[in-house]
Amino acid sequence: MSAASPVIERGTAASRIAGFGVAIIILLLALAPQFLSAGAVDRMTALFIYVILAAMWNALAGFGGLVSVGQQVFFGLGAYFAIRLANAGLNPFVSLFVSAVIVGAVSWPISLFMLRLRNGEFAIGMWVIAALTHLLVNLDRLIQGETGTSLISLNVYDASTRRLTIYWLALASMTALLAVLFGLLRGSTGAAIRAIRDNEDAAASIGVRVTGTKRLLFVLAAFGIGVAGALWLATAITFQPKTYFSVQWTAYMIFMVLVGGIGTFEGAILGALLFFLIETWFGGTGVWYLIGLGATALVFSLLLPRGLWGTLEERFGWRLLSVGYRVRLPVNASDTTGGTASPAQVTTSREKA
Amino acid sequence: MNAMPNGAILSAAGIHKRFGALVVLDDIDFAMGAEEAVGIVGPNGAGKTTLLSVLSGAYPPSAGTIAFKGDDVTALPATQRCRLGLVRTHQVPKPFGGMTAFENVFVAASHGAGLGRDEAYEESLGSLKLCGMLGVANRRAETLGLLDRKRLELARALAAKPTLLLLDEIGGGLTDGEAAELVETIRELRRRKIGIVWIEHIVHILLQVAERLICMDAGKIIADGDPRAVMADPQVISAYLGGGPK
């Protein structure tokens, strides 16, 4: 009917620039240890781990609607399996990643029954799983209950080699996990994931494989958080179950995602950065730091429920690492809708004027 | 499966649906040909939407079998039935609120119809256009009004490339002009050889499209056949006017 047909846009000029920007930032980060103090390298490693945690929780809850308060189970298991593997004689650095693979494998049977639960039941159920797993890990004689143990085999490397290797591993893991996540969420599976979040029954009614799609996301998030837990172990060396299986990890993930902007890819990264800065500046102030975190979360959920990035995106139309689709209509195309319908036509395609 | 009428694309035999003690569908037998357009009317609570839900696989029947394109699909979930070409819309629209209208439809084209990226784009745009939704393609579905949500519901079902479309009250609350557009859209679907089952309270809209009418009351089919004959059936009139059991 019309000669020019609408075009689907996946990115904007800004998002193409952002793509370059991300590549340059990662390159600079890879070179950064040359110029940073040992302490700063350790802090940056922590930042990379926070980004992984935030991105994974955001994928699960923000895109998939699977709000969990028990993700610390995979963080703790990531560390635990690394300890076990290193103890069995595997190179400690290799064991970090083999451990994450095992975490992903373990999450699969967990998903078989957890994904039958919905909403609040799922959220609390995951916490129960985390608490149970914590107790089971305590029973391992190697761990010596809450006394814990250490990744001793890492001590064969001198401190600076260890620090740099962990830094680069964390950077590489973060980059790879973000890339995989972005690819997944941007593809048609990502659209299905968001559809399930918004209405599971409707998604099933138009042919989305609901359970399989959720399972894929759940296992990927478990793997990613397992990587984070193993990396954290590598920086901390010591493993005490109650530190790793603490709900505070999930609380941090929720904080980062809510403040940054739930359901936006950029938001989780921004949230992790904010959390990192708050921790760097105020982390030494003890209990007031935690009160401050709580108050910040409260203010955001009341005043900016879409988080920082969500608000900016809505107000200014910013889309940098967007996973969405935009239809660009050819000029005059909006009135070529045929004889079928022409309500008081909304001619513009913008959400907000 | 028992003997189905020859050429039936969809057939349901001995369908019962109970929710606890409540019997919502009571021994429904129903069959229709490909490309047929069947209207379903009946008072509130007659079981019309439940029948649609059972046919589409949203819930399993308590008893009975359903066959689609000659295969028993009674045990298949809604996802699988959709992929076979049996697609429904919802009486209360269920949009994916956080996604744009285009994205809503794209999910159906890429998963329901199983199309690759470019074909899915084309199918999605075509469905939006047919339903008059291109102008709001980039709007998040949660910002759409009820009329556009209903249109989106139809566009999304169409993008799944149904061979048989189950429509649940997509015409409620329309002005005369909007209703005429809707009728035109449905006629276009018929030209594309899509079979239609359409539940609607607004009978005069339905009669412009349906070549066969079914009236349900209290979980049973009380009349089935030529639309005018069904509307004139004393049982149908009594069901609507509340004349009580005969």
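**Where chain B meets chain A**

The contact takes 47 residues from chain B and 39 residues from chain A. Two residues count as in contact if their C-beta atoms, placed from the backbone, lie within 7 Å.

This is a predicted model: local features need pLDDT of at least 70, side-chain atom pairs count only at pLDDT 80 or more, and totals for chains, interfaces and linings use all residues. Residues are numbered from 1 along each chain as its sequence is written, while chains are lettered from A and ligands numbered from 1 in the order in which they are written.

Which helix gives chain B's side its largest share? By type, chain B's side holds 21 nonpolar, 14 polar and 12 charged residues. Ala, Val, Leu, Ile, Met, Phe, Trp, Tyr, Cys and Pro count as nonpolar, Asp, Glu, Lys and Arg as charged, and the others, Gly among them, as polar.

Now look at α3(B). 12 of its 12 residues are buried, so the helix is largely enclosed by the rest of the structure. Buried means 20 or more other C-beta atoms within 10 Å of a residue's own; exposed means 12 or fewer, and partly exposed lies in between, with C-beta atoms placed from the backbone. B:Phe102 and B:His111 are among the buried ones. What covers them? The cover of the buried residues includes α7 (188–198) and β4 (326–328) of chain A, plus α4 (117–130) of chain B. After α3(B) comes B:Gly114, with a positive phi near 65°.

Definitions and conventions: Helices (H or I, at least four residues) and strands (E, at least two) are DSSP runs, numbered from the N terminus.
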